[in-house]
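Please read them with the structure open.

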Amino acid sequence: MRITHWVNAFAAIAMLMSGLRIYNASPLYDFRFPPDITLGGWLAGALAWHFAVMWLLIMNGLAYLTYGIFSGHFVRKLLNIGAMAAYRNIRLEMKHLLIHGTGEYNLIQRILYVIVILDVILLFFSGLALWKPVQFQRLTHFFGGYDQARYIHFYGMVVLVLFIFVHVSAAFAVKGTVQSMFTGRLPKRQQEKLNR
């Protein structure tokens with residue numbers, strides 16, 4: 001899961017940065033993104049990056065979904081949103097334990113992960129409608145036409161950026177989280193606190 005997480009992180013950031021350059025070539029609104037935060041240098045370069053990284057994101061995303069479904073990870077860790085999980089989160093917060101075990105997700109994380117998985121799926125299909133509107137004309141029609149698909153893709157990107165911002169902020173706010181994302185375990189002091 002950690003490997004697919006970091007591959008997804010790289011792919012999502014590269015897709016976002018190249019997407020900003022593509023947006024700048026034909027903006028939907030009266031603003032453009034600073035060139036320093038875009039990828040590709042020019043429209044053709046940005047498209048090349050976008051499509052190349054798209055395949056990485058798709059293959060890695062399929063590996064993540066396949067593992068998550070067949071290992072039971074999604075049912076155990078993400079879709080198990082019940083009263084006991086909410087109670088456990090409240091209990092930990094009352095003890096001022098702003099940590100969680102490696103591979104464990106609190107209620108907010110579970111909801112956000114489900115939203116971002118659905119968002120990436122929406123971005124993929126709206127992106128297909130933009131990439132090949134003639135070949136995927138039924139899909140393009142489903143999104144309300146090419147222009148509407150551009151808006152859906154743009155706002156899907158906004159949701160992804162908000163998720164990344166919240167995700168990274170929370171990772172740095174909760175002690176030991178960033179380290180555990182690399183090593184697979186919490187630092188010893190945090191693990192002892194969690195076991196109390």
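1. Helix α2 passes helix α5 in a left-handed crossing; a crossing is called left-handed if the near helix is turned anticlockwise from the far one by less than a right angle, and right-handed if clockwise. The axes of α2 and α5 come within 12 Å and cross at roughly 140°. The two helices are therefore oblique to each other. Axes here are lines fitted to C-alpha atoms, for helices over the stretch in contact, with angles from 0 to 180 degrees between N-to-C directions.

2. The model is predicted; local features need pLDDT of at least 70, side-chain atom pairs count only at pLDDT 80 or more, and totals for chains, interfaces and linings use all residues. Residues are numbered from 1 along each chain as its sequence is written, and side-chain values use heavy atoms, with hydrogens and water left out.

3. The chain has nine helices and zero strands. Helices (H or I, at least four residues) and strands (E, at least two) are DSSP runs, numbered from the N terminus. Of the 196 residues in the chain, 36% are buried, where buried means under 20% relative accessible area, exposed over 50%, and partly exposed in between (1.4 Å probe, protein chains only).

4. Helix α2 (residues 43–70) also packs against helix α1 (residues 2–25), at an angle of about 150° and with axes 8 Å apart. That angle makes α1 roughly antiparallel to α2. The cut-offs are under 35 degrees for roughly parallel, over 145 for roughly antiparallel, 65 to 115 for roughly perpendicular, and oblique for the rest. The crossing of α1 and α2 is left-handed.

5. A46 lies in helix α2 and is buried, with a relative accessible area of 0%.

6. Which residues make the nonpolar surface patch of about 330 Å²? They are W55, M59 and W131. W131 belongs to helix α5 (residues 107–131) and is partly exposed, at 31% relative accessible area.

7. V120 is also in helix α5 and is partly exposed, with a relative accessible area of 31%. V120 and V159 are 39 residues apart in sequence, and 9.5 Å apart in space from C-alpha to C-alpha.

Methods: Patches are made of residues with over 30% relative accessible area and no salt bridge: like charges are joined within 9 Å, nonpolar side chains (Val, Leu, Ile, Met, Phe, Trp, Tyr) within 5 Å. Accessible areas come from the Shrake-Rupley method with a 1.4 Å probe; for residues, only the protein chains shown count as cover. A salt bridge is a side-chain nitrogen of Lys or Arg within 4 Å of a carboxyl oxygen of Asp or Glu.
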